[in-house]
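Subject: Structure for you to look at

Hello,

Here is the structure I promised. Please open it and keep it beside you while you read my notes below.

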Amino acid sequence: MSTTAVTPTTPTAAAEEPRVVKARHPWRWVATGIVLVLLAMAVNALITNPAWDWPVVREYLFHPSVVSAALFTVELTALGIVLGFLLGTVLALMRLSRVPLLTSVAWGYVWLFRSVPLILQLLFWYNLGALYRQISFGIPFGPAFYSVDSMDLIGPVTAAVLGLALHQAAYAAEIVRGGFLSVDPGQLEAAAALGIPRRRQILRIQLPQAMRTIVPAAGNEIIGLVKGTSVVYIMALPELFYQVQVIYNRNGRVIAMLLVAAIWYLALTTVLSIAQYYVERRFGRGMARELPPTPLHRARRFAATRIAPRLAARRAAQGAAAETSGGGGAP
Amino acid sequence: MSRPMVEMRGVHKSYGPLHVLRGVDLRVDPGEVTVIIGPSGSGKSTLLRCVNHLEKIDRGHVTIDGEYIGYRRSGNRLYELREREILRQRTNIGFVFQSFNLFPHLTVLENVIEAPLSAQRRPRDEVERLAVELLAQVGLSDKVHAYPRQLSGGQQQRVAIARALALRPKVVLFDEPTSALDPELVGEVLEVMKELARSGTTMIVVTHEIGFAREVADTVVFLDEGRVIEQGPPAQVLDAPRHERTRAFLGKVR
């Protein structure tokens, strides 16, 4: 384009800078309206229908037996995740090692424990006592140094934790392995060129970078396991789902009791989702030029940039209107 | 003649059927700057990566200050070293990558002090003092606590140079250190490298910057198809090349 000035279309446009008119989005407002109506209908249906039995829900939500069942669910989840990810990390490192046997054993483990349904695995562990009466440690096919009755070693709680953790480890192994694979190979090369010891390369250079990929997937797994612990009810262990079943079998308020369980699961996953957000921020250091703002920051910024200027503009407009009525174009 | 700082003898390296290095001999004396030039695919980067054993060589040997790299010599045998020992040897060899390869989750200072602390187990206060000094030398005193992604390419490469120097290496290898940089950022990195060369650091530089080679190099090596075609002082190799292939290459680069 040439450097000559743009020819004005009308004489008035030449005098002023063109004003930006914001685009209007009427359909966004229509869609917002429809969704609001649907939301109101849903809330109405939840509150006004007496079949939901809200008074019963209120009565049992913090009932001691329900609270202790929820705590047991948390306990099972925590043990399952911690043990699962510990074993999973070992499996992932085995899989990534240069030793053929370790690689194939890790692969085989993941194959086996991902293939058999969790509920079946749990029942196997539960019935281990029938399968092996004695568990002994010693030379394979040779003498045993130490034997223990399997019933004593593996009670129902241990069986549940073992089942959840071993199953979880198979998934965790793949998540951890994926995390390590996502790290730029140049990072390892740089670490090797600097002579950084192998263990330190893994812990200080690879793992923190791998965590960026691992955390979101692990968050999924933890939340999945919170709910997944409910299959333990088949072992008659007093976790949340089993406990509400016990109660509704006694009082007959099925829907209300299921709602109690649902609210607890919601609360637990909400806490975990928030925790995940902050853990992700922690491992995001150095990845973005600036860390993304937290919701709190965002709310503050919204108030500062959107609401405050509008208020100020309104105040200014009122002041201007009171002062004078003319004055559009420059003299 | 003094003992060479770096010596390569009859080095061969193949990737599968691809014979990249076909018997390379190279000698770099202490305090010398050797610049390796050559067309892409000639094996320049591979040669450099063989010096610090990032690539295992198939035949021949590499010594640094008389020490076999990747092997221990006993009588007439070379025993392969284990990873831990190779890692220790690498602390004598600085390496600067084309793509910087700074650790993005660590600050500039943490990047520089990591290897001296964990690989050489030197005391933290000494290492930190040295790191701050080195960062000042490369003109980044104000970026000590920044993260790599907050820096320009030229600044990142200067951090990478400081990181390599923090090991107090006997030789520093540069693998096309300015090839990934925007043209206006090349100068600042070359300036740091010139300063290093003046201070008597032994350097091997793979580069396409002929001007840098002419100004700084003691020896220019022209590599083609995995062989050293000719080598000598820049005035000879760059301005009066004896070999046809060198002339052809220089004709294209200029």
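Start with what covers the buried residues of H10 of chain A: the cover includes H11 of chain A, together with helix H2 (83–90) and E8 of chain B. The buried residues themselves are A:Ala190, A:Ala191, A:Ala192 and A:Ala193. Just after H10(A) comes A:Gly195, with a positive phi of about 80°. Keep in mind that this is a predicted model.

Next, the contact between the chains. It joins 19 residues of chain A to 24 residues of chain B. On the chain A side, helix H10 (185–193) and helix H11 (198–228) each supply at least two residues. Which helix gives the largest share of that side? It is H10(A), with six residues. By class, the chain A side has nine nonpolar, five polar and five charged residues.

E8 of chain B, part of the cover over H10(A), also belongs to a sheet. This is an open sheet of six strands in chain B. The order is E8-E9-E10-E3-E11-E12, and the pairing is mixed. Which strands are at the edges? They are strand E8 (93–96) and strand E12 (227–232), and each pairs on one side only. On average, neighbouring strands of this sheet are turned by 15° against each other, direction ignored.

Look inside the sheet at one pair. Strand E3 (residues 33–37) and strand E10 (residues 203–206) of chain B run in the parallel sense, paired over four bridges.

Now back to chain A for a pair of helices. Two packed helices are described by the angle between their axes and the distance between the axes. Take helix H6 (residues 118–126) and helix H9 (residues 156–182) of chain A: their axes come within 8 Å and cross at roughly 140°. That angle is why H6(A) counts as oblique to H9(A); roughly antiparallel would need an angle over 145 degrees. The crossing of H6(A) past H9(A) is right-handed.

Which residues meet there? From H6(A) come A:Leu118, A:Gln121, A:Leu122, A:Trp125 and A:Tyr126. From H9(A) come A:Pro156, A:Ala159, A:Ala160, A:Leu162, A:Gly163, A:Leu166 and A:His167. By class, this contact has nine nonpolar residues, three polar and no charged ones.

- A:Tyr248 sits in helix H12 (residues 240–251) of chain A. A:Tyr248 counts as partly exposed because 19 C-beta neighbours lie inside 10 Å, and buried would take 20 or more. Leaving aside neighbours within four places in sequence, A:Tyr248 is in contact with A:Arg253, A:Val254 and A:Met257. A:Leu258 is 10 residues away in sequence, and its C-alpha is 8.5 Å from that of A:Tyr248.
- B:Arg245 sits in helix H9 (residues 244–253) of chain B. B:Arg245 has 17 C-beta neighbours inside 10 Å, so B:Arg245 counts as partly exposed. Not counting residues up to four places away in sequence, B:Arg245 touches B:Asp224 and B:Ile229. B:Glu230 is 15 residues away along the chain, with 9.6 Å between the two C-alpha atoms.

Mind the labels here: one H9 is in chain A, and another H9 is in chain B.

Best wishes

Technical notes
Residues are numbered from 1 along each chain as its sequence is written. Chains are lettered from A and ligands numbered from 1 in the order in which they are written. This is a predicted model: local features need pLDDT of at least 70, side-chain atom pairs count only at pLDDT 80 or more; totals for chains, interfaces and linings use all residues. A residue is buried if 20 or more other C-beta atoms lie within 10 Å of its own, exposed if 12 or fewer, and partly exposed in between; C-beta atoms are placed from the backbone. Two residues are in contact if their C-beta atoms, placed from the backbone, lie within 7 Å. Two strands pair if DSSP finds at least two bridges between them. Axes are lines fitted to C-alpha atoms, for helices over the stretch in contact, and angles run from 0 to 180 degrees between N-to-C directions. Angles under 35 degrees count as roughly parallel, over 145 as roughly antiparallel, 65 to 115 as roughly perpendicular and the rest as oblique. A crossing is left-handed if the near helix is turned anticlockwise from the far one by less than a right angle, and right-handed if clockwise. Ala, Val, Leu, Ile, Met, Phe, Trp, Tyr, Cys and Pro count as nonpolar, Asp, Glu, Lys and Arg as charged, and the others, Gly among them, as polar.
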